[in-house]
Amino acid sequence: MPKTHKILDANEAVADVAYRLSEVVAIYPITPSSAMGEWADQWASEGRKNLWGDVPSVMEMQSEGGAAGAIHGALQTGSLATTFTASQGLLLMIPNMYKIAGELTPAVFHIAARSLATHALSIFGDHGDVMAARASGWAMLCSNSVQEASDLALVAHAATLETRVPFMHFFDGFRTSHEINKIQTLPDETVRAMIDEALIEAHRGRGLTPDRPVLRGTAQNPDVFFQSREAANSFYAAVPAIVQKTMDKLAKLTGRSYKVYEYHGAPDAERVAIVMGSGAETLHATVDALNASGAKVGVLKVRLYRPFDAALLCAALPASVKSVAVLDRTKEPGSAGEPLFLDAVASFQRGGRAGLRVIGGIYGLSSKEFTPAMAKAVFDELSKASPKPRFTVGIEDDVTYLSLKHDPDWSIEGDEVVRAVFYGLGSDGTVGANKNTIHIIGDHTDSFVQAYFVYDSKKSGAMTVSHLRFGPEQIRAPYLIEKTNFLGCHQTSFVGRYKMLRMIAPGGVFLLNTAAGPLAAWETLPKEDQEEIRAKKLRFFVIDAYKVARDNGLGGRINTVMQACFFSISGVLPKERAVEAIRESIREAYGKKSEELVNKNLKAVEESLKNLHQVVVPAGGHAHASLVPPVAPGAPDWVRSVLGPICAGEGDRLPVSAMPVDGTYPTATAQWEKRGLAQEVPVWDESVCIQCAKCVIVCPHAVIRPKVYMPAELAGAPPTFKSCDPKDREWKGMKYTLQVSVEDCTGCGICVDVCPARNKSETKLKAINMRPAAPLVEAERKNWEFFLELPEVDRRLLKGGSIRHEQFQRPLFEFSGACAGCGETPYLKLLSQLYGDRLLIANATGCSSIYGGNLPTTPWAKNEEGRGPAWANSLFEDNAEFGLGMRLSEDHQTGAARDLLKSLENVVGAELARSILDASQKDEADIYDQRERVAELKKKLAGLKDDKARRLLALSDHLTRKSVWIVGGDGWAYDIGYGGLDHVLASGKNVKVLVLDTEVYSNTGGQKSKSTPRGAVAKFSSGGNPAAKKDLGLMAMSYGNIYVASVAMGARDEQTLKTFIEAEAYDGPALIIAYSHCIAHGIDMRTANQNQKAAADTGKLILYRYSPDRAKAGEAPLILDSKPTRPNGLGAYLASENRFQMLAKSKPEEAKVLFDMAQQDAATRWELYEYLAGRKPRPAI
Amino acid sequence: MTMDLTTTYLGLKLRTPLVCSASPLSETLDGIRRMEDAGASAVVLSSLFEEQLARDRDDLISHLTANTNAFSEAQSFFPAIGSFHWGPESYLNHIRKAKAAAKIPIIASLNGTSLGGWTSYAKDIQNAGADALELNIYYIPTDPSVSGEHVEQTHVDILTAVRSVVSIPVAVKLAPFFSNMASMAKRLDDAGAGGLVLFNRFYQPDFDLEKLEVRPNLLLSTPQALRLPLHWTAVLSGRIKADLAATSGIHTAMDSLKLLMAGATTTMLCSALYKFGIEHIRVIEGELVRWMTEREYHSVAQLRGSMSQRNCADPSAFERQQYIRTLTTYKGL
């Protein structure tokens, strides 16, 4: 193989081409395209040059809409410009895309095609997004593999210059964008040879300049607009030929040939599938396999989808073809057919192939697997006398019966391809090791390699499954491994939870990381796994990887250990060669960082091989243990039958009938998914505890709960259930318990850090201490169940504003999949405790929508009366408006109910009506009473037939006050949603906005937002953010009628509580900016609250509350709740967070300048706030 | 006649014996310039800590890799940065800049954790242009199985190793906690120490009785701290070849004078600069000149060591007899 090969994914391959051919690159993060922007930003910061020797100007924008606008401007002034996006991002670009196309402007947008949010958001791949943009006038060029993505990216950039039609170059999100493959990359000379400089000059010549002024973007009238649209027709007509010509030119330069419509298969095929995207690769391989056994089938790959050339499509189809299945990776509900199907049918009609039987099917929505077995099912359907005219494949549709059946055991993968699957945790380095492995094999042998990684939706305890293939030929298999030769399970906790061994081919290898040892390991397996091992004659190996890693100073990173074992067992490379290659890669990976790390890893390799053991499989007997049910046995039927399989990784097997038709799901489901993640859990010492509830309020996962109850309730308590006398006099005579839900705990340890009480004899111990989980699980499960049965504390008896009291309130946000130690979730939990039973939440897309609303389960919960937060996510960019809509709706319905009640006073009784209408509903007792009154009202209305009465009955719940909260991160509030947020706050409506401010786009991997502080390194800001953080609070305060606050629970929890109460009580808009630590800060999450405190102490963060009500009372509206006690200590604070340290260690000179400026920022801002805090409102005239 | 305040320390001719000892004040060029402007005759830079460099590196690497390849939407949480300055580059740059910014000698300070670290950083420091090197051997053995002999030998080994790789003068900043301080001083003297800095201050932690926590708590020195260096400077003066630099508790010219008379070649200032400002150096120098003038001294050299154990009227004052005498004559406050 020539040396130009590289092992990379499509995002990197495409960005590599686009970067070299661009002068202006506007970027904005959105999965799965973010990596392309990240590459561009990184290369620019490293000074990498484009083809003309310049470093492209790479600019992060506030939204994809902004990126498209910036690109439009750059193109109009003669630059070569590009951007990268997906899904909703592409939708936001559409208005500009119409303009760019209408103005016949050469440009390329690279799209990692992804589902559009409909009944749910999905980050995974299909063609919903690009199909939504198909009418924009852009050419659409589709790549089917990583190699094609690299090549056709270049074709797109070359062809757009000649055609003047802008190009969307797209490829399947995740399946292609994230698949790592060994490909031939494009050297500069090839890229240069493909680009005609004269066309670039022509483009520049059309650019706007005062030296040759022209006018573009006119407004036109009925007289000429139509003709103008037709004037560009000839440009579109020329596109297919120019693209083909460009592809042919590439073929001459590289030997890789492409056709705009490319047929592959039997020349005399009778059945053909037409398809775009990675599915074409599956069909290509399936066609070969079927034809090899005598079939006559083919696949027609559509690469140029717009402009669609009917004649070329028909010409590409063999004359022998009788029936065609057109496969669309998108769904257009209510249409006569999906887009590619309709285009194909119209083309056949026009191209003289009207006699063909054409059926249309949908496959692969949201990265649903499309396997050879499914492809075969399509050909089988075409063989039928009456095939389904519209069908789906890959699912079981037991409602409308559109789905084709496929045989999951049918496979085309031969023995020449080595297949390996690895189950790991995100934190154990499994994926990193596998990426390294395919580099070792791909770089050290002639083998082709492929890797694809499946990640969990959870952020804590996230499981990863790696699928690796190695073979002598280019691997054309864009689907997950179904039968593997090797299965590595890197976490013992997965054993008994997942049916992993089902995937292993007979005679394959099962490698388990376990502390059990070679003699005891067999007994730890559930009987299902034991049966699989025996039936398939698997070779079973074990290693205690954590011990080896620990003993060699590698902590919890077992990647090197497991990698060494894989090479040792699999024989992919000769053992000695493999070990040497691992050593070499260790030196490469760590050599620049630390010789010590190199030595530790090298030692670990040696020790791994010594500690790897094959288990002797006993001839008879089996264990009694069976697979653990994925959800707790007490879960409701629907949770067990629908969410259970999803939890177990078996969601693909659920039929259509199991799914809600409109994306509506029950809440309170996270409680059933007992994940048992924590190695260590907090244990309460009631003799030390001062019952302050600080551990309760900070617990990100709501696993620590207090209750007070009458002593009689202890009857029947489990033997290890703890209780003590309450410290508060209010609860005298009662009992107090602080209980931990061990199975829901992530073991973050943040509770221990904040605990202020210490053991008087041994001060290293606190009132809550981390202890190994395993010996505690059984007893604590019973304790937790008993604890839940204890009565809840009557909310009306609690003192508002007191943490130790308020924390008795049951959280209605529990056990989320957020990162261990998350800084955001404690705020949401607090919100749910205070107002959960009357809470409507509009949640912007981001971390909080993922841990809040990603299937299978949701942490949003219900109280014993069945009330709880009602939650919805609309989009990323519109969340404030979405929440305002909820408020308007709620207010309107409340108003209607009140009007009806007034008009029915005589019917329901004046006293009841008045008491409802006049209720203040200010506190818990008021709300409780109002609910009682409304219940009475409902009783009275229930028997009435009057229309008004029935309408009032339907609206009566709106007579109890609802609290509307708009929740999102800083990416939303400071950037993409700022315009809407500003408008909503200015509306004066009673909405509460909670900004979970992590100072970066956390969910997409830590990209810079306008909240990012000066000097911090973030993605899209590798050289340290040069700008100061936007002061969102100050901007909001300028309106005067908005309650504005800045809080940091880790710095001052009482102030946080006070703020939430004030904000909710304020009869108008409120904005709370809640500082939230994050893994993207590069900090120890166990002690993250200390970072928050340090931020406040050094003036990096100012905690305050601005209340318009105080202004109305003639007082200063702004109260400062923090004071920089270490005003010159900012440097020490910055040194404690690696987001800043990265700059200090990479660019010390720049760091010094920016850190000094940051110190100045803090001082200046404090002076301003101090001044403002002393300002009272002017007296009314 | 102008007063001759000159002295020689580590072979460096200094205008006065007033030197700024290692502290964060010398972490900025501005601080160094202010020290020079205030009359400091040399500056010891704050220490380069090998342990800190290693910890920063390990911490950063660990956080950069901690959450990688774990989530669908984010394979990492930080940009890939090609290279980091894991080594002492910023410290070395600081030396270079300090040398360019100030005319007075710049003495670097080093605290290592491994022999390899001591020697490689020492070479780097010499190459960066430091006029001399102070070895800040801040070593607190807490393991009961480590013998005193081992501790002493460690000091000698470090000095020997560093001396074998650099040509600039090397001083050793010592703790006073040896069974026989004089013996330790002699061993270091024999191993080629150009100077001994008496003494390193140990920042013993404090207890927070409210929170029941052990707290690191830096206390600035008080004039009372002067007695320890005064004693040992006086004892060692004239008995070893190495220059003696006294530090701890020097707040006034009187403090400086006492140490000079005990035999110090330089007296190093730190806490006083925090308490009274860097400009306090000028005040001390003024008082020094005035005191010497009033008493008709003409040079520092004239008074240096005049009250050392060797030269003072009552050498037993530094020995056991003084202990008995002190106790028997103590009448209470």
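A word on conventions. Residues are numbered from 1 along each chain as its sequence is written, and chains are lettered from A and ligands numbered from 1 in the order in which they are written. Because the model is predicted, local features need pLDDT of at least 70 and side-chain atom pairs count only at pLDDT 80 or more, while totals for chains, interfaces and linings use all residues.

I begin with chain A as a whole. The radius of gyration, taken over C-alpha atoms, is 32 Å for chain A, which agrees with the value near 32 Å for a compact globule of 1181 residues; the globule rule is 2.2 Å times the number of residues to the power 0.38. Along the principal axes, the C-alpha atoms of chain A fill a box of roughly 90 × 90 × 75 Å. Of its 1181 residues, 55% count as buried. Here, buried requires 20 or more other C-beta atoms within 10 Å of the residue's own, exposed means 12 or fewer, and partly exposed lies in between, with C-beta atoms placed from the backbone. Among contacts in chain A with a separation of 6 or more, 76% are between residues 24 or more positions apart; a contact requires C-beta atoms, placed from the backbone, within 7 Å.

The secondary structure of chain A comes to 42 helices and 37 strands. These are DSSP runs numbered from the N terminus, helices being H or I with at least four residues and strands E with at least two. The domain assignment, which is automatic or from a database, gives domain 1 (5-253), domain 2 (259-404), domain 3 (418-614), domain 4 (665-809), domain 5 (880-959) and domain 6 (1017-1173). Between the C-alpha centres of domain 3 and domain 4 of chain A there are 39 Å.

Next, the sheets. Which strand is largely enclosed by the rest of the structure? In strand S30 (residues 963-969) of chain A, seven of the seven residues are buried, so S30(A) is largely enclosed. Ser963(A), Trp965(A), Val967(A) and Gly969(A) point one way, Val964(A), Ile966(A) and Gly968(A) the other way, and all are buried. S30(A) pairs in the parallel sense with strand S28 (residues 839-843) of chain A over five bridges, and Val967(A) is the bridge partner of Asn843(A). A parallel pairing over five bridges also joins S30(A) to strand S31 (residues 992-997) of chain A, where Val995(A) stands opposite Gly968(A). Pairing means that DSSP finds at least two bridges between two strands.

An open sheet of seven strands in chain A has mixed pairing and the order S9-S11-S10-S13-S14-S15-S16. Strand S9 (261-265) and strand S16 (403-404) stand at its edges with a single partner strand each, so one side of each has no neighbour in the sheet. Strand S14 (residues 357-363) and strand S15 (residues 390-393) of chain A run parallel and are joined by four bridges, with Tyr363(A) partnered by Val393(A).

I turn to the nonpolar cores, which are sets of buried Ala, Val, Leu, Ile, Met, Phe, Trp, Tyr and Cys residues joined through C-beta atoms within 7 Å. The largest has 329 residues, of which Ile274(A), Val378(A), Val993(A) and Ile1072(A) touch the most other members. Helix H6 (residues 146-163) of chain A gives the largest share of this core, ten residues. Another core, of 86 residues, lies apart from it and includes Leu18(B), Leu133(B), Ala171(B) and Met292(B).

How do the chains meet?

Finally, some backbone details. A cis peptide bond, with omega about -10 degrees, joins Arg306(A) and Pro307(A); another joins Leu198(B) and Phe199(B), with omega about 5 degrees. Phe174(A), not a glycine, has a positive phi of about 70 degrees, and Phe174(A) is buried, with 27 other C-beta atoms within 10 Å.

Notes: Two residues are in contact if their C-beta atoms, placed from the backbone, lie within 7 Å.
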